[in-house]
Amino acid sequence: MNAILRRLGLTCICLLSTTLNAQEEFEFWPNANYDPAIPTVEDVLGYRSGERITWHRDAVRYFEALAAAAPNRVSVSRYAESWEGRELIYVVLSAADNMARIDAVKEGMQRLADPRSTTRAEADSIIATQPAVTWLSYGVHGNEISSTDAAMLTAYHLLASRGDPRVAEIMRDTVVVIDPMQNPDGRDRFIHHFEMAEGIVPEADRISAEHDEPWPGGRTNHYLFDLNRDWFILTQPETRGRVALLQEWFPVAYVDLHEMGSDGTYYFAPEAIPYNPHLAADQRASLQLFGRTNARWFDRIGSDYFTREVYDAFYPGYGASWPSYFGSIAMTYEQASTRGLAFRQYDGNEVHYAHTVRNHFVTSLGTAETVAANREKFLTEFYDYQVSAIDEGRNDPLRTYIIPAQSDQPAADKLAGLLVQQGVEIGRATESFRACGSTYAVGSYVIDTSQPSKRLIRTLLDRDVPLDDEFLAEQERRRAQNLRDQIYDVTAWSMPVMMNVQADTCDRAVTPAMIAAGPEIIQPGTVTGGPASVAYLVPWGTAAAARLLAQALQDGVKVKSNDLAFTHMGIRYPSGTLIIDVADNSDRLAETMAEMAASTGADVVAVDDSWVTDGPNFGSGNVVRFSNPKVAIAWDQPTASYGAGNTRFVIERQFGFPVTAIRTSRLAESNLADYHVIILPEERDAGYAAVLGETGIANLRDWVSKGGVLIGIGSANRFLANPQVDLLSMRREDAVTDSEESASSEEGEDEDAPVTVAGSYLTDSSAYTASIEPESAPPDSVAGVLARADVDPDHWLGAGVASPLNVLVQGTDIYTPITIDKGINVARFQGPDDLLVSGYIWDENRRQLAYKPFVVAEGNGRGFVIGFTQDPNYRAYMDGLNVIFMNAIFRGSAHARPLR
């Protein structure tokens, strides 16, 4: 029987291969002649390039086989490990002479990266013999499949080709670094679902199961992060490893090879406008060289392409952007995806996987060819980039950034650590000092912009990076014509603003006594006052205090908290301060508190009496006791995978608290009594109402009334605030219009309504514009801005929260405030003239968003429903919103009154 199955399986494989061969007879490279001593993909994996989608383990196996066959010209090394335990590797290829001195090559690039220690004469000497480094990165999105197989083919060609005259020059004059799979977890997830749906021949129909990825799809990593947005916030291990590695090699050119929608062709640089204003002019000019090389080869192989559309260079968090800020020429390439082995485009053209692999292979070689042909030019421009950055910083009116010692010092420490990890030089003051009229305490951070990282510093720390005026004027024109805007990503990302960290500027160099800041993002906290005889107090208002609370509850430490501020021994403690009584806990409490302070970064105060001189005593009715809440999050359809993953990551990895993921449909009829908190992430498609139905709505309402805390995030509030659901009393707004037409006009329409309407004169263009406006529509979508929101300090959700908050606002959703008899608007956006902190927002949205809620809370029986109208966990980089979100989980469950 097994033999029969094996024969049947072999027949299927042959059919699959035969079908592909019949349909896709083309050479990957014209007149190729390869060294048989170098193993092909077929030699190692049993299929030819482009016949199958290669699993992570098999790609690693192939690169290891190449290294074994040509150890003097290729090396394979590991640089990180994914959440699911898959290794991330990089492959270095060059001529044997270069590989023999590869450490010297890296040192040469590092010396060119710092003109303060490398003179012009020394740089010229290095450049005369230095091979330039080209970096090719593949597969940051796991379902963008062709690039990894193209990486394998590229490495093979560089090692085995005997007929391509470019190869000898590439291997002699450059070092090619290949990162073949930036997101192995996502890729293997995609392949798993693809192979489950696969038939005996590749199916090109777009509606087939092969092309219909189940939630969450393969694009993202384990925590459902878009790794192509994580570059400067460094939340994921894949990104952290990659950023550290790039700063060892400093490539002069970096390419991120992607896939795009299946009905397209191929995109390569130059990018679309807008460009980030901190990019250097020669970086932009050099994009033309790569574009022309790729265009020449695409003309030769007969493949269509486009440039200067869609993919811009404004946001610094892309793989095709971040390397620019250490001097690289960074680009993205995009191939129309088959999302399988074959795809039929809208015009009937059938594209096969091998074709997509070939295109990425061709541009990979074209990129290396361009670097080799311009080796001296690119190395010189790389060095000059550092020189000009230092000069710009020295002469810039914004010479120095100062991050003062501040009340949320853990946030300031994290910001400094993240910048150091990206190559920014930061000093930490060992004495107090004055600068630009202000006094700064010991521990303040000083960042002189006169350094090679000047452009990165300005890009990440400036409150606003402006978009080009002409570009904005064009977007307003398009919007007036109901055309989609061309803003590709968020328009605001200032790290101090997102983290709610004070960052001052000074127009001169500031040089107090300092030590170099390190890359640590958590500095150990301390316990002051020795072992306590009565209690330990943890001032609330920082992520560090929330980490300590999460750890304490899991360790069985009994914790309570004051809803109001109080004064003890002359020290003012904010509302939300944690109170950990010695009498309620184990004899090891002193050691436990010291360990938790060190690991979480929270500062703890030991006290020997409970007397307070102002505010509630420790036994007041304004003091609540925390339970160890069991937290669940809706998972799978209809949740937005990014939002679900970001939220789970923040709770689990940034605060160390476990979350149970429950498939949304199971919430409809399951007994939820074991859970204290349920989180509904942003919704997509038909939404929660369609998945849960009336039964699910009733189940959630009953659970809340019995003491549950239901938290809705972003578009999940469309469900909660739907009048048919009515778990929140706010309502989603349409766009404000100038029309005074009565809302009752359409209510009278029925099947007997006349087929004509009264005539009218349109006397001018404004009358015409008014006539084509819909009667109701949502506000125009906002790409992403940072806006201020004021917090109600009297509500327990606002305990310890620094006001105002900075909120990332995007999309179309704006909600009415909750009326005072139904609930509380705990945080609301500021007025129209004050709310915008950073980025570009349509004027109508700015005016309509003013005074509307960001956070609402509404009691329901023994429980609460809490709504965040924008996502506080977006990309896990809105650290300034951590405390209010942790309040929703921990203080929400403490204030609910379930029957226990």
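Student: Before we start, what counts as buried?
Tutor: Buried means under 20% relative accessible area, exposed means over 50%, and partly exposed is in between, with a 1.4 Å probe and protein chains only.

Student: And how is Trp322 placed, buried or exposed?
Tutor: Trp322 is buried, at 2% relative accessible area. This is a predicted model: local features need pLDDT of at least 70, side-chain atom pairs need 80 or more, and totals for chains, interfaces and linings use all residues. Residues are numbered from 1 along each chain as its sequence is written, and side-chain values use heavy atoms, without hydrogens or water.

Student: How many aromatic pairs are there in the whole structure?
Tutor: The search finds 45. Rings of Phe, Tyr and Trp (its six-membered ring) pair if their centres lie within 6.5 Å; planes under 30 degrees apart are stacked, over 60 edge-to-face, the rest tilted. One of the pairs is Trp231 with Trp322, tilted, at 5.8 Å centre to centre and 35° between the planes.

Student: Where do those two sit in the chain?
Tutor: Trp231 is in the loop between helix 9 (184-197) and helix 10 (237-249), and Trp322 is in the loop between strand 8 (312-313) and strand 9 (329-336). They are 91 residues apart. Helices (H or I, at least four residues) and strands (E, at least two) are DSSP runs, numbered from the N terminus.

Student: Is Trp231 buried or exposed?
Tutor: Buried, with a relative accessible area of 0%.

Student: What does Trp322 form with Phe326?
Tutor: An edge-to-face pair, 5.8 Å centre to centre, with 75° between the planes. Both Trp322 and Phe326 are buried.
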